[in-house]
Each structure stands twice: as C-alpha cells, then as structure tokens.
Amino acid sequence: MDLLHNRRRQAASITESSLLGTSLPFVADSVSPLETWEEVDISSTDYARRRSELIQMMVDLRSMGADALIDLPSVVVIGGQSAGKSSLVEAVSGINVPRDSGTCTRCPMECTMSSHTLSWSCTITLRIGFDRNGRDLQKPTNVPFGQTITDKSEFEVWLRRAQAAILNPDVSSSTLHTKTIEELRNMKNTLKFSRNVVCVSIEDPDATDLSFYDLPGLIQNEEAEIVSLVKNLVEYYTKKENTIILTTIPMSDDMENQQSMSLARAADPDGKRTIGVLTKPDTLGAGAINQRRKWVEIIEGRSEDHTLRHGFYCVRLPDDAERAQRLSRAESQRRAAEYFDTTSPWKDVIDRHRFGIPGFVSDVSQLLIQLIEETLPCLRDDVDKLLAKCIKDLDELPPPLANDPQIEVLGRVNTFCDVFKRFVNGSHEDKCLAQRNRTLYAIFKRDIRGTAPDFRPFSQPEHYVPLDDTEGNMTLSERDPGVKVVGINDIRKVIQEAIGWELPNNVPYQAKANLIAQFTKLWVAPSERCLAGINDVLDEVVNTLISTHFGRFKVLEDYFGNLIRIQVDICKARAQVSVKSALDLETTPHYTQNTHYLQTLRDKWLSRYKTARSRPSQYKARHIREDEAPVLPRPETPKRSSPDNDCKEWGQEYSSPIVSHTSGFSLSACAVPSELKSNKALRALAEAGYANLRVSDLARLLPPDSFEEELIVMADVRAYFHVAYKRIVDHIPFTIEHALHHALAGQLSQSLLTSLLTDIASAPNFSERMNELVSEDASIAQKRIMLSTRKQRLFDIRRRLVTFSNST
C-alpha cells in the first residue's frame, strides 16, 4: 500500500506541475520521478475544479448533440478482442463491464468520472442521436435509464440492460429494468450494432476526473457485416481531429498484427493524438528476451518503427483469477506496481511514470484538459459560423403563411395577371418579352426580304449579277433558297402560258399573279418560324412567372400552372389561325391603295432593267468577265458628297461595285469622264425645253426593246413585292401580338378566377380546398423544422460555451 501511495503522490505532483506551466510527461525522455514527495489533495485545487468543470461542459455539450455539429475534444478506447481493452476500462473506471464469449459490447459507452464526492454512485443515460438506420436525428434525446446505482455489484447487470435498450429501440426500456443477466444473454436483439450511446456517469472519490468512449472490440472471426460495422464505428470516432486515441496492444502479440494500430495510423498518420497502451506484460515468459527488449525500446521511445508523440504506457491488469477475487482498485494497483518494480526488464526502465494505471490516467486526463483549453476558442468560432449559416438558410426560406388562405390565393392570382400584362405592354422593369420578340420580328423581316424576286433582264441570267435594288447599292446577303433566278425569256414563257382570250398587245394579268404567287407562298415558312420562336419565348416567360408567383406552394403552382398553360395553348392556336388568315390576305386579290409608292417603284425598276439591258457588259458576273477579258484596274470609287461627283450613266447610279455574297457576282464601276454624260444630256434637254427631268427619266430615250412587255412585267411584280413586303412585315407581328399576347393578358384573370370558383364550388369543403391550395411543400416545411431545431441546438451550445467562459 505504501508503494501505491507513493505512486499516487507522484501522479498528483506531476498533475500539479502542469499548473506551473511545465509540459506533460508524454515524451520518451520524461523526467524521472521526484525524489521527495509532498502530500497534495488534487481534488481540492483550482486545477482540479477547472478540470471537473471542463469535463462536465464536454458532457453537457455532447448531451445537446454538439458532437454531431462540431469536433469536441474526446478520448476513445479501441482495441481488438482479447487485447485487454475491457480490463483497461475496468481498471480506469473502477467498474465491471460485461464479458461474454464473442462480441459483447455492441454500442459505444461514454464513461465520465468525477472525484468530487464522498461516496460511490453511478447513473446511466441513453443518448439517442441516430435512428435505427444510423442516420442523424434532428435533435438527440437523453433518456435516463433506471435509478441511481449505489452498489458497484449491480452495475454490470444495469449496463447490460442499457445496452439491450439501445439494441431494441422498439421495446419499452422500462420492461428491461428487471431482466437478469441470463435473460439478457438469451435475448434476441433487433439491431446487431448501434451508434447510440450508453452514458455512464460515475461519482467516485478515488477516481481521476476523466471522460472517454469505450468502443466495441475489433473482431475478425465474425460475419463480414458485423466486422464491417465495428470497423466503421471505430473509424467514425477516430477520424475526428480533436479525438485522443487510446489503442490497447497485447504484448503477447507483435505490434504489426494489431488492427487497432492500423486504424489509428490511418486516422492519425503522424501519431500526434495516439497513445499506445501495452497490456499483458506478465504473459511474456522468462525466455522471451528479444520480445522484452523490443517492448522496452518502444516504452522508452527508442524504437524507430513505433513512435508516438505521447508515447506508450504499460499496464498490468487483473487476470481472471484476480477478477474472481473482486479485488479493490487500490489492491489491483498495488499488485501492478509491485510487479513492475520487481520484474525485469520493467524495473530497470528509468521513466517509472510509464508503468501502471495511476500515471497513465493522470496523463490522459491532463492531455484531455489541455486539448479542451486549446480548442475552446475554435469551438466558439465554429458554433458562431454554424449559427450564422443556419440563420441565413432559415431567412432564405419563405416565411410560414400568415394571411387567410383565400386572400393569399386571390392576391397571388391578381399579382400574376397584373405582372404578365405589364410584361406584354412593355411597362414592366423586365423587358425580356418585348426585347426578345423584337429580335424575332427583325429576323422575320430579314427572311421576308430574302424572298424578293431575282429578276435579271438577260437571256442568260445566271451570267449576270443580281439586281436587288433600284439604285444598285446593295445585294441581298441572305436569300430564301426557294427564290429562283428568272431571266427575260422565263418572263416571256410565263406570259405565253397565261394567254387566254386577250386581245393582241395585252399582257395577261394572270402572268403577274403567277409571278407574285411565287414569292407570297415563300412567306409561310418565315411566318411559322417567327410564331414558333414567339411561342417559345412566351413559354419561358410564363413558366418563370408561375414559379415566381405560385412556386412557394407546390399544390398552388401545379393547379394554376395547368390552368395558365391551357389558356396559353388556346391563344397559341388562335394566333396560328390569325397568322394564316393574314397570309391568305396576300394571296388574292393583289391590291394596294398605296398607288403612288407602287408607281414610283415601278418606274424605278423599269428604268433599272432597261439600263441593265442597254449596258449588259457592266452587269456580267465576275467569273464570266474573267473568262472573256483581262480584268482592268478598278478606278477609285468617287465620293457621294454631291450628285456631280456620282458615277452616272443613262440614269443609273452606282456608289460601289455590286457584289453578291451568295453567288460571287461582281460589277465594276464605270470610268469617270471629264464631264459626266448624264449631266450633259440633262442640260441639253433642259435647253430644248424639257426641264425638271431626272437621271432615271433618261432611260425612256433608249430605243424600243423587243422585250418591252417582259421588262414591264418584271417592274410591276418587283414594285408590288416591295409594297406587299412592307405591309406583311408589320401585319404579322401585329397579328401575333394581338392574337397571342394581348388576348392572353386580357382574358387570363377572368378565366383563372372562373376556373377557381367552379372548382371550389364543386369541392365538399371550401375552407379545406383553399387550405390545400396553399399547403406548404413538405420538403420546405421539413427543412424549416430541421433548421429551426438546429438553430435552437446551436443557441444552447453557444450559451453553454459562453456561460463557461464568463464563469472563468
């Protein structure tokens, strides 16, 4: 007893040394025990009080479920079967844990010891933080199990009962309070393993303040599922950076064979938070000299293969015979101390603190307290960050419904209809509908312009450049593939095929109508493409608005989304009919009251065609000109600052060579004489009394052409195309806007409210139907509950941390 007393005084002295700023004796070259001892009651010191408060705070935080949110400092004991883990737990805690063949412990046990008491007692609590499938619960529950235990001999059966309650969640825990050990052994458990914890709180005047987890022993000769479950449980606890790993290693086996060391190395590769606990030194026979030498090197920190920052401890634990004698904790520790002090080679190791339970428990307790002290600021910061994110996530969720369901539904319908109407009118701040539609209408205009007749007044039209405007200033960059090149002979053929009973020198109207029909029939495809694009834009806008205004309530969104899309489809169908009607207007009759514009265009096109006929060489395509003669240097293009600087010939103006981007045609500009011929001609005619003539009028002085009728037909059809083109590029967009968008905006509110009232009137209960429409999406409600629970838990954790900080 005196030897044990001296070793406890040594542990107490080293404990006190940490208060003076000295380092913990965890390195291999620890100082030797002090030669003089002084009686110190560590339970009455400020350090002991703070140690107890820190450990209790960690227990409180874990009971709040903080370990699922932040990395709390903790100690875990791991080891394989028959490694002496259970005996180590008993030696540290002073209690007897269940021992059976095979796997006995099937859930974690949290053991918290406090020395601030005059007599021994123990309470057991079940901490339920996971469901039966191992998923985290929103909020853990702590269920007291049984009454306070005051007789140590009763602890084992109560611990077995508590483990049975964890493994059988569907069984009322109170029914297990009277089960015997034999009944519990024969009981068939619902779960093979559980992550829920049996919490054991021990008040023992002879204990050292400490808290640790005892995990199920690692196994290999069991079902693969059970082996995996135990391994996963150990990995779950050891992977946390603030966890001190105590791994039990039987000295009867090689270190390399220990799975617990492999898992510890995987979780803690640098060995910064792992402590090796060597057990069963008395199993090494006298002849195991090499084994003993190797273990001494490991204990003294001289082994290069097995190095841990906090080193290794060696303990001798009671064997089965000693357990049967129910030795007291003091007697067990006395026998262990006597063994280490009298047995070679252990007695020759200088650092005596590395042997026995007292020094080991003292050091682990100090290390845990040091870790808690160091991590407290980080824990508070982590909780503050989690709390801020939780509040942010809650704020991003829609608030619970505050209005009357009827007011909520009608308000959202009216707001949706009003916003959509402003989208259609272009008065909403979001102009996407108007702007995207304008882009589509511009494309439609370009496509219609590309259907212009390609008349070339020559016998071999493919040898000449296109004549795409009356001024010769542009060539269409995108022409409809349905437009064919039409020459002078093609026009004559159209006229001949249309002749009926007309008198001589009369061109049949049907010839012009046939030519007009060739381009008006090409307008159907661009119109359909335009309408399809407009419909797609409308769908996107409508879907976005439905989600914005009804998306908070899934039932309401589905209900009104279907009604709105029905109305959209109705208006789409009507718009399609309206567009077809607008196109039909251009088929017959071919009519316009814009006669002045028509006549002006007709004269310009006739002059254009006659001029081209009179100067064919200037309109030949580039590849034809290159085949016929060398290409002369192109003269400098004259500036267009005044009519006098224009390059003119027979009333035709050219600002630049005419180029077709699609067919490779090119027309070179004419040479610039010292005095323009067109100007001389106009001045001569003015002197002869023919005043106020224009350049385009000079074409009338050209000699009669044998294709005069054909040229007139070309000019009439080309002029009418421009009149009809300017009409259709406005008419189709107006038709779509009014038949689709404005019609939908005008009828939407009434149709939605009518459908709603009809539906509600047929429902058995008006109030229930309205409540159903604004019932919140289950996922949102569940997320709000989860975040609210998490927020409250974080507030509680933060309050506990702040309370401790303020108290110290």
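Let's start with E708 and K610, whose side chains meet in a salt bridge at 2.9 Å, N to O; by salt bridge I mean a side-chain nitrogen of Lys or Arg within 4 Å of a carboxyl oxygen of Asp or Glu. This pair links distant parts of the chain, with E708 in helix α21 (residues 708-762) and K610 in helix α18 (residues 595-614), 98 residues apart. Helices here are DSSP runs of H or I with at least four residues, strands are runs of E with at least two, and both are numbered from the N terminus. E708 is partly exposed at 26% relative accessible area, whereas K610 counts as buried at 17%. For those words, buried is under 20% relative accessible area, exposed is over 50%, and partly exposed is in between, with a 1.4 Å probe and protein chains only.

A quick word on the model, friends. It is predicted, so to speak of local features we need pLDDT of at least 70, and side-chain atom pairs count only at pLDDT 80 or more, while totals for chains, interfaces and linings use all residues. Residues are numbered from 1 along each chain as its sequence is written, and side-chain values use heavy atoms, leaving out hydrogens and water.

Back to the salt bridges: the count comes to 50. Another of them joins D384 and R798, with the closest N and O atoms 2.7 Å apart. D384 lies in helix α11 (residues 357-396) and R798 in helix α23 (residues 778-807), so this pair ties together parts 414 residues apart in sequence. Both ends are partly exposed, D384 at 32% and R798 at 36%.

Then we have D282 and R316, which form a salt bridge at 3.5 Å, N to O. D282 sits in the loop between β8 (274-279) and α8 (289-299), and R316 in the loop between β9 (312-314) and α9 (320-324), 34 residues apart. D282 is partly exposed at 35%, but R316 is buried at 15%. Through shared partners, D282 and R316 belong to one network with E322, E331, R334, R335 and E338.

What about disulfides, meaning cysteine sulfur pairs within 2.5 Å? The whole structure has zero. Take C107: the closest cysteine sulfur, in C199, is 9.8 Å away, too far for a bond. C107 is buried at 1% relative accessibility, while C378 is partly exposed at 46%.

Last stop, a hairpin. Strands β3 (residues 121-130) and β4 (residues 136-149) run antiparallel and are joined by seven bridges; strands pair if DSSP finds at least two bridges between them. F130 stands opposite D136 in β4. Five residues lie between the strands, and in this hairpin G134 takes a positive phi near 85°.

Conventions:
A disulfide is a pair of cysteine sulfur atoms within 2.5 Å.
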